[in-house]
Amino acid sequence: MSPSEKYTAAAYLVVLVAVLLYVVVIASKLQRLEREVAQLVELAKERTANG
Amino acid sequence: MKLPALAAVSTGLLALAGSLAFFYAPTDTDQGLSQRIFYFHVPLALTSYACFAWGAWKALRYLRARDERADIESYVAIHQGVIFGSLTLLTGSIWARVSWGHWWAWGDDQLVLFLVLFLFYCAYFMLRYSLDAGPARANMCAVYALFGVVLIPVSFLAIRLSRSLIHPTVFTSHGPQMSGAQFFTFCVCLAAMLVLFATLYAVELAGKRLDASLRELRELLA
Amino acid sequence: MSYLDDVAALARKDLLLELRAKETLPSMLLFVVAALAIFHFALPRGTGQDAAIGLLWVSLVFTALLGLTRAFVAEREQGMFDALILAPCDRSAIWLGKSIAVFVFLVCAEIVALPAFGAFFSAVDGRTVAAVALADVGICTVGTLFGAMAVAGRARELLLPLLFLPMAIPIVVGGVGGYLWFLALYDAIFVLLAWASFEYVVAEV
């Protein structure tokens, strides 16, 4: 590949990597939300068991 | 539009934009292959301007209506703007390396002023995280966002004042200096980036809403 | 014209405080002269007029920043901010009064800085003086608004340079190039914007 081709590929790669990084951020957020929902489900179960 | 549909449209448009940029648009006689960076670089820059403008519009809405949602929407839009802005800086830097031989061209005012805006909006986050959540923070962030959107044209004027010849001026007063095929590709790329912004914006807002309802649920259960 | 009376009273209060405490102005004066001296040694020998004029602008912006970080210190330390907001005057009068006080300090510092620059580097012409005067208006008004924002946060003084320096870049571009109309335009736009938006910045809800 010529340098010109390499740099062009790199520029497009940067955009792709950014979008993938965004997926990582969203995934970690999803995990946190999952944990929170699980906690809330536990809480609700306790409530119904006691009440 | 529903979020999955929006995401599907942005995927389709981005795929179309990428293939048009590489297979349909003619290779530039001057710059060769690296000119194809243009099709992503400039739409990224314009999209980040759009993000900042949208953020300022929401900020104005907040100051008018005191709607807490508008504050969050303004924040999310500016957040997206900074992401698109850093991508603009990165792709612009790569383009500068391939066509002028340097990673950074101080002589290129447009790139430098993009850096200014980037710094300005990074300070937005410093401001936001330095204040306690509440109406006072929302007010100050909204005012700062409005200053930002006014700073953009002022900076643009400053570019024109100390303009250097190094940056290719594609859009002049005589219309776009591009062939029809190039212009069509550019428009598709721009549309793709804008829809990508809309998708990410909607995803972030859905996340924030989810956070808020979970907090509410926790308070109800506690 | 009670609005102007309010503004004058607020500005006079800041100037009187400064006359008693003598904190801000001496430090600004020392800072600007020290900065010019440092720049003399930072520049290679025989540097032209163009580089020197840039240094003048850098030292002026940083000197203004020094004054602006001090601008709301009294309000913060004495808890006077709440009292000022409760005062029966238009809130933008607080901003205008403070801007005028900072403007006076900055002009005093420049009365020393410009001749010092002339002595150390090269004489300044009328165009530069006019550009400095126009830039001062923009620096003080925008800086006061951002100073009020920064002082409300946890980071306090640390935040103001981050908020303000990107806004100062067009001023430096206009000042170094000597574009008086551009500086006047900057002033007109941002004075209006700051005047209209200050009440939101201090609105304690």
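Among contacts in chain C between residues at least 6 apart in sequence, what percentage join residues at least 24 apart? The share is 82%, where two residues are in contact if their C-beta atoms, placed from the backbone, lie within 7 Å.

This is a predicted model, in which local features need pLDDT of at least 70 and side-chain atom pairs count only at pLDDT 80 or more, while totals for chains, interfaces and linings use all residues. Residues are numbered from 1 along each chain as its sequence is written, and chains are lettered from A and ligands numbered from 1 in the order in which they are written.

**Chains C and A**

Chain C holds nine helices and zero strands, and from the N terminus on its elements run α-α-α-α-α-α-α-α-α; helices (H or I, at least four residues) and strands (E, at least two) are DSSP runs, numbered from the N terminus. Chain A, by contrast, has one helix and zero strands. The table sets out the extent and burial of these two chains, a residue being buried if 20 or more other C-beta atoms, placed from the backbone, lie within 10 Å of its own.

| Chain | C-alpha span along principal axes | Residues counted as buried |
|---|---|---|
| Chain C | about 55 × 35 × 30 Å | 45% of 205 residues |
| Chain A | about 70 × 10 × 5 Å | 8% of 51 residues |

The radius of gyration is taken over C-alpha atoms, and the globule rule is 2.2 Å times the number of residues to the power 0.38. For chain C, a compact globule of 205 residues would have a value near 17 Å, and the chain's 17 Å agrees with this. For chain A, a compact globule of 51 residues would come near 10 Å, but the chain has 22 Å.

**Chain B and its contact with chain C**

The contact takes 26 residues from chain B and 25 residues from chain C. On the side of chain B that touches chain C, the elements giving two or more residues are helix 4 (109–130) and helix 5 (135–161) of chain B, and the largest share, 16 residues, comes from helix 5 of chain B. The residues on this side of chain B divide into 22 nonpolar, four polar and no charged; Ala, Val, Leu, Ile, Met, Phe, Trp, Tyr, Cys and Pro count as nonpolar, Asp, Glu, Lys and Arg as charged, and the others, Gly among them, as polar.

Helix 2 (residues 38–65) of chain B has 28 residues and reaches 40 Å from its first C-alpha to its last, close to the 40 Å expected at 1.5 Å a residue, the expected span being 1.5 Å times one less than the number of residues. Helix 2 of chain B is followed by B:Arg66, whose phi is positive, near 55°.

Technical notes. Buried ≥ 20, exposed ≤ 12 C-beta atoms within 10 Å, placed from the backbone.
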